[in-house]
Amino acid sequence: MADGFQFAFTPAVERATAPAWEKVKRHVTPFEWRLHAPLIAEINRLKREKNAVILAHNYMTPEIFHGVGDYVGDSLGLAKAAARSDAAVIVQAGVHFMAETSKILSPDKKVLIPDLRAGCSLAASITGADVRLIKQRYPGVPVVTYVNTTADVKAETDICCTSANAVQVVEEAARLWGTDRVILIPDEFLARNVARQTAVRIIAWQGRCEVHERFSRDDILELRAAYPDAEILAHPECPAEVIEVSDFTGSTAAMNDYVLTRKPKQVVLITECSMADNVAGDAPETEFVRPCNLCPHMKRITLDNIYESLLHDRYEVTVDPAVAGRARLAVQRMVDLPPPAVPARYDLVKARHHVDVELI
């Protein structure tokens, strides 16, 4: 327990954490909750004392997501929500590039991350120097960069995108720059899946998410055979062969909306393991089958180090103002786009199945 001190599970703590317990009790045992709840109550007290908010990504464990998260969702949505808040301190329950994005959009706020080792294989796959070389190789071709990147990479970018709006941003970039080609980096599988949804030619980088690249077509077919009534939802960072045999493909926000709106009796989320636990807290009528690929970086964030981060202002994330200003422009260009007329999905009915990308 944090600081070597065991907080007590008192009746007051039980009452204060009861709403969160209702959300997680199907996935957290009562024994575990008696350990978690006192720390949750203390973290929430510290937030009030320090005028702080906690941004809890969809891949956080349920006790973090439902217990201490003030804003929950995908990385960009969290950063935008924090920028709108009156909080003086932001604690990023996620990975380092997310904390950088929060700092970019909230330059006057203190941004903390509980563990500096919480990185990302995808963000680590490319650097700002790489992007500068790419632009030299393809002069005049706009660079669209996934928000799952470092501030240094965003600073070399023309416009950012998310998995939810990548097709829209690619088509808008092609229109604004008057070209039929767009560079979409760094996720190779996202780029390949976008390429199937648009006539714009895609130039891609060979970055991958170590969680999503591990899923295969055979995995999905085995799930389909074992759970024939389950609806299978995949993230667009998965290989195209996974998308082809899934029922729906969309961002974490789109998956969440799909479950809450359609209320399937049984569902499989092909993404990071904790996502299912967190959506299940708001969808008690749906049974979740859990094919579990954990993100080792996300799992570095715990209640204990969130508490330590808040208590000691540990560890502050900063971004060079010159880099942040250029990165903010790329993010803002995306934010300024009108929302898509139809919620984004990677529709295989409309997909151009034989479209390929040019790999750098």
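**Side-chain contacts in a predicted model**

Let me start with Tyr307, which is buried, with a relative accessible area of 7%, where buried means under 20% relative accessible area, exposed over 50% and partly exposed in between, computed with a 1.4 Å probe on protein chains only. Before I go on, please keep in mind that this is a predicted model, in which local features need pLDDT of at least 70 and side-chain atom pairs count only at pLDDT 80 or more, while totals for chains, interfaces and linings use all residues. Residues are numbered from 1 along each chain as its sequence is written, and side-chain values use heavy atoms, with hydrogens and water left out.

Now the aromatic rings. Rings of Phe, Tyr and Trp (its six-membered ring) pair if their centres lie within 6.5 Å, and planes under 30 degrees apart count as stacked, over 60 as edge-to-face and the rest as tilted. By this rule there are 3 aromatic pairs. In one of them, the ring centres of Phe7 and Tyr307 are 5.5 Å apart with the planes at 75 degrees, so the pair is edge-to-face. This pair links distant parts of the chain, 300 residues apart, with Phe7 in the segment before helix H1 (11-16) and Tyr307 in helix H15 (residues 303-312); helices (H or I, at least four residues) and strands (E, at least two) are DSSP runs, numbered from the N terminus. Phe7 is buried as well, at a relative accessible area of 13%.

Phe248 and Tyr258 form a tilted aromatic pair, 4.8 Å centre to centre and with 40 degrees between the planes. Here Phe248 sits in strand S10 (residues 248-249) and Tyr258 in helix H13, 10 residues apart. Phe248 counts as buried at 8% relative accessibility, and Tyr258 is buried at 12%.

Turning to charged side chains, the structure holds 24 salt bridges, each being a side-chain nitrogen of Lys or Arg within 4 Å of a carboxyl oxygen of Asp or Glu. Arg262 and Glu231 meet in one of these, at 3.6 Å from N to O, and the pair links distant parts of the chain, with Arg262 in helix H13 (residues 252-262) and Glu231 in strand S9 (residues 231-234), 31 residues apart. Arg262 is exposed, at 53%.

Arg175 bridges to Glu172 with the closest N and O atoms 2.6 Å apart, and both lie in helix H9 (residues 166-177), 3 residues apart, about one turn of the helix.

Finally, which residues are linked in a network of salt bridges? They are Glu188, Arg192, Arg208, Glu213 and Asp356.
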